[in-house]
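Ready for a few exercises on rings, charges and burial? Look at the structure below, try each task yourself, and then follow the solution step by step.

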Amino acid sequence: MALIKKSVTGMKDILPEEMFIRDYLINIIKKTYGSFGFTSIETPAMEHIENLLSKQGGDNEKLIFKILKRGEKLKLENIKDENDLVDAGLRYDLTLPLARYYSNNQANLPNPFKALQIGNVYRADRPQKGRFRQFTQCDIDILGEASNLAEIELILATTKALSEIAKGKHFSVRINDRRILMAMALYAGYDEDNIGNVFIILDKMDKIGMEGVKKELTELDGEEKCSKYLSLFEGLKDNTEAVLSLKDKLKGFIEDGVLEGLCEIMDTVLEVNTNDFSLVFDPTLVRGMGYYTGTIFEVSMEGFSGSVAGGGRYDKMIGRFTGNDTPACGFSIGFERIITILLDAGFKIPDESRKIAFLYEKNIDGNVLKNILKEASSLRNEGNIVLVSKMNKNKKFQKEGLEKQGYAEFKEFYREALK
């Protein structure tokens, strides 16, 4: 069987030039989130298949990479369906593993717990630009905080991180609440069993527009409910005034304080924020995950058609493990999408350190090499980055490659000149 040197479809090899940028951005993210008191954790890439198929991950549960049972556990004569073959899978996001992690380690964690998790996740998705089957997510979550402070801090921390890693790029945070979505659907007369389908159609607003949504909702459950539902969106602005304007119509369909709570989040973020971004109320924002229970948010950025970050409150997930509901809210940066935007824009790391390459001719004297290494060490102690490497035959090509890595200074050492 011939070996294949190309990477598996939907996964990619990362060359040094991109890896430098990835490491640089991750360091900024960690430093920024650390300044808000988030602490790093790590969870395994593999999860129990029961957890992954718990109907909390929405459409992502259809994209799980499943792992075969091994050894004696894999008894083919007892197989009735696909799930009898597997006992684990690769995680499709970092949220569900975090819920299991917290449930298992809660006694040894502070309350509330502010978690930072950066790692690869896996989805058997159709690859396209900015979308891979293995990709990095950067998550922050606050567990055990029931108040709006969780949402406020998550938005402030994430927007600060985005401002740092994508300087000069304008972005907008859209915010909504799943309870508002539910109340609007109930007001229009939709049965609870059918509301999930209403959300699926509403979530297509960006792609098919209001007319497309109207057509599909009419086909779903008639024109009368559709008209009443869409009337709630007519003339609705994107600020806190719009949120409160829904209060009278949704009375009896939504619990007290939800609309005011969303306004508090928006008002506080806008007043405290020191970064340049827009924060808008978007009543069409749905987010596909089935585990969201309250506030939801997404970030869109100029130069990219999809969202680059998203999250929300998921107060019921941990209770599925422990039997006791625990307040939980998180925000995830789509790291690969940010990388795509920056690479397309020709992003360069603003490094204040000098990057110097020492290139020496082969077969130079050993004592001379020691002196070269001593000189390199001295420059490194001054805060510079110094590469010591043997000179290639094609020196011009070698230098071009190093220049792509940010090396701007070169010092060459030859046998003849050093005698």
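**Exercise 1.** Find the residues that form one aromatic cluster.

*Solution.* Begin with the rule: rings of Phe, Tyr and Trp (its six-membered ring) pair if their centres lie within 6.5 Å. Now look up Tyr 190, Tyr 229 and Phe 233, which together make one aromatic cluster. As for pairs, the structure holds 11 of them.

Before going on, a word on the ground rules. This is a predicted model, in which local features need pLDDT of at least 70 and side-chain atom pairs count only at pLDDT 80 or more, while totals for chains, interfaces and linings use all residues. Numbering starts from 1 along each chain as its sequence is written, and side-chain values use heavy atoms, leaving out hydrogens and water.

**Exercise 2.** Describe how the rings of Phe 297 and Phe 331 are arranged, and say which parts the pair ties together.

*Solution.* A pair of aromatic rings is described by the distance of the centres and the angle of the planes.
- Step 1: Helices (H or I, at least four residues) and strands (E, at least two) are DSSP runs, numbered from the N terminus.
- Step 2: turn to Phe 297 and Phe 331, a stacked pair with 4.6 Å from centre to centre and 25 degrees between the planes.
- Step 3: Phe 297 belongs to strand β9 (residues 295-301) and Phe 331 to strand β11 (residues 328-334), so this pair links parts that are 34 residues apart in sequence.

**Exercise 3.** Are Phe 297 and Phe 331 buried or exposed?

*Solution.* Buried means under 20% relative accessible area, exposed over 50%, and partly exposed in between (1.4 Å probe, protein chains only). With a relative accessible area of 0%, Phe 297 is buried. Phe 331 is at 2%, so it counts as buried.

**Exercise 4.** Which ring does Lys 228 lie over, and which ring has Lys 399 above it?

*Solution.* A charge sits over a ring if NZ of Lys or CZ of Arg is within 6 Å of the ring centre and within 35 degrees of the ring normal. Lys 228 lies over the face of Tyr 187, 4.7 Å from the ring centre. The charged end of Lys 399 sits over the ring of Phe 410, at 5.3 Å from its centre.

Terms used: Rings of Phe, Tyr and Trp (its six-membered ring) pair if their centres lie within 6.5 Å; planes under 30 degrees apart count as stacked, over 60 as edge-to-face and the rest as tilted.
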